[in-house]
Amino acid sequence: MGKVNVWLKRSYIILTVLIGTISALLLAFTLFSHGYMHEDEEIERVLGSLQIMYGISIGTMALAIIGVFGACKEKKWALIVFAVGMILGSLFMLLLEILALIARPMIAADGKHHYLDLLPLSNASENSVTHLNQIEMNFECCGLDQGYLDWGYDIPESCVCNEESKHPCVAAPRNSSLFKQRSSDMPIMIYEEPCLQYITAHIYFVINNMIGIMLGITLLLILSVVTCVLILCQLNRKLTTPTMVYSQEATAGNYAILTEAAELT
């Protein structure tokens with residue numbers, strides 16, 4: 001069995017430990033998300049995604065442990081299991097990335113329809129109104145499709161323009177709830193643009209970031225497979241011991257010189 005280059009082994013162990021750490025973080029995030037949404041009514045919609053994340057995180061962590069064991073003890077079977085598992089994992093990750101790219105417009109459209117179903121906002125639930133108010137403050141917008149008109153009379157305080165806002169603002173109608181407890185004749189400026197366009201852009205942003213993170217993890221898995229294969233090649237390399245060649249002529253010549261020197265003395 002051949003000797004493995006120490007720097008190659010260290011590089012492989014560092015990559016494998018990094019993969020195991022990422023898997024542990026992914027498992028912790030999955031557990032937190034599952035616990036946070038346990039009592040949510042929409043848990044059934046994301047249950048399949050959570051199960052996939054459980055499988056990826058636990059499987060990758062187990063392979064990382066086997067890979068580190070194989071490198072430290074120079075066990076071929078452990079390295080082979082790691083390489084095969086990571087190759088399959090890389091192919092699965094690539095498949096998920098392709099599916100995410102294909103489904104990206106459909107996911108954005110579903111999100112858009114989900115928010116449009118809340119109209120009219122005057123009939124929306126308390127949780128939905130709280131969520132929309134948070135969106136309006138974060139994205140500096142008002143309403144969903146028709147701007148502040150979506151709120152009717154009850155325009156929330158979250159629509160009031162921030163002094164440092166860079167988005168366009170308009171004067172709120174005098175017959176809205178914003179003037180209910182105000183005696184001043186000063187106009188109240190509210191955000192002009194609806195939030196739906198910003199929500200859709202945010203959905204695309206999140207999906208693109210997820211695809212980018214998945215692609216980076218896939219490249220990391222491929223790099224670990226390459227280093228693992230190089231280690232296996234070095235382990236399979238046979239050490240060749242140089243054969244000793246004896247020459248009678250060289251021996252005779254040397255002893256002949258010593259003999260002649262002895263006779264002269």
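1. C169 has a relative accessibility of 27% and therefore counts as partly exposed, where buried stands for under 20% relative accessible area, exposed for over 50%, and partly exposed for what lies in between, with a 1.4 Å probe and protein chains only. Its disulfide partner is C161, with the two sulfur atoms 1.8 Å apart, a disulfide being a pair of cysteine sulfur atoms within 2.5 Å. C161 is buried, at a relative accessible area of 17%. The torsion about the S-S bond of C161 and C169 is -115°, and this link is left-handed.

2. On the basis of the values, please keep in mind that this is a predicted model, in which local features need pLDDT of at least 70 and side-chain atom pairs count only at pLDDT 80 or more, while totals for chains, interfaces and linings use all residues. Residues are numbered from 1 along each chain as its sequence is written, and side-chain values use heavy atoms, with hydrogens and water left out.

3. By the distance rule, the count of disulfides comes to three. If the bonded cysteines are counted along the protein chain, the pattern of these links reads 1-6, 2-3, 4-5.

4. C141 and C195 are joined by a disulfide with an S to S distance of 1.9 Å. The torsion about this S-S bond is about 105°, so the disulfide of C141 and C195 is right-handed. Because C141 lies in the loop between α4 (126-139) and β1 (169-171), and C195 in the loop between β2 (189-191) and α5 (196-236), the pair ties together parts that are 54 residues apart in sequence. Both C141 and C195 are buried.

5. The disulfide of C142 and C159 has its sulfur atoms 2.1 Å apart, and with a torsion of about 85° about the S-S bond it is right-handed. C142 and C159 each lie in the loop between α4 and β1, 17 residues apart. Both of these cysteines are buried.

6. Two further cysteines deserve a remark. The sulfur of C233 has its closest cysteine sulfur in C228, at 9.7 Å, which is too far for a bond; C233 counts as partly exposed, at 48% relative accessibility. C72 is likewise partly exposed, with a relative accessibility of 47%.

7. The structure holds one salt bridge, defined as a side-chain nitrogen of Lys or Arg within 4 Å of a carboxyl oxygen of Asp or Glu. The partners are E74 and K9, whose closest N and O atoms are 3.0 Å apart. This pair links distant parts of the chain, with E74 in the loop between α2 (43-73) and α3 (76-116) and K9 in helix α1 (residues 6-36), 65 residues apart. E74 counts as partly exposed at 23% relative accessibility, whereas K9, at 18%, counts as buried.

8. As for the overall fold, the protein chain has six helices and two strands, which are DSSP runs numbered from the N terminus, with H or I and at least four residues for helices, and E and at least two for strands. From the N terminus on, the order of these elements is α-α-α-α-β-β-α-α.

9. Of the 265 residues in the protein chain, 32% are buried. The chain exposes about 17,500 Å², of which carbon and sulfur atoms supply 64%, with accessible areas taken from the Shrake-Rupley method with a 1.4 Å probe. Among contacts (heavy atoms within 4.5 Å) between residues at least 6 apart in sequence, 64% join residues at least 24 apart.
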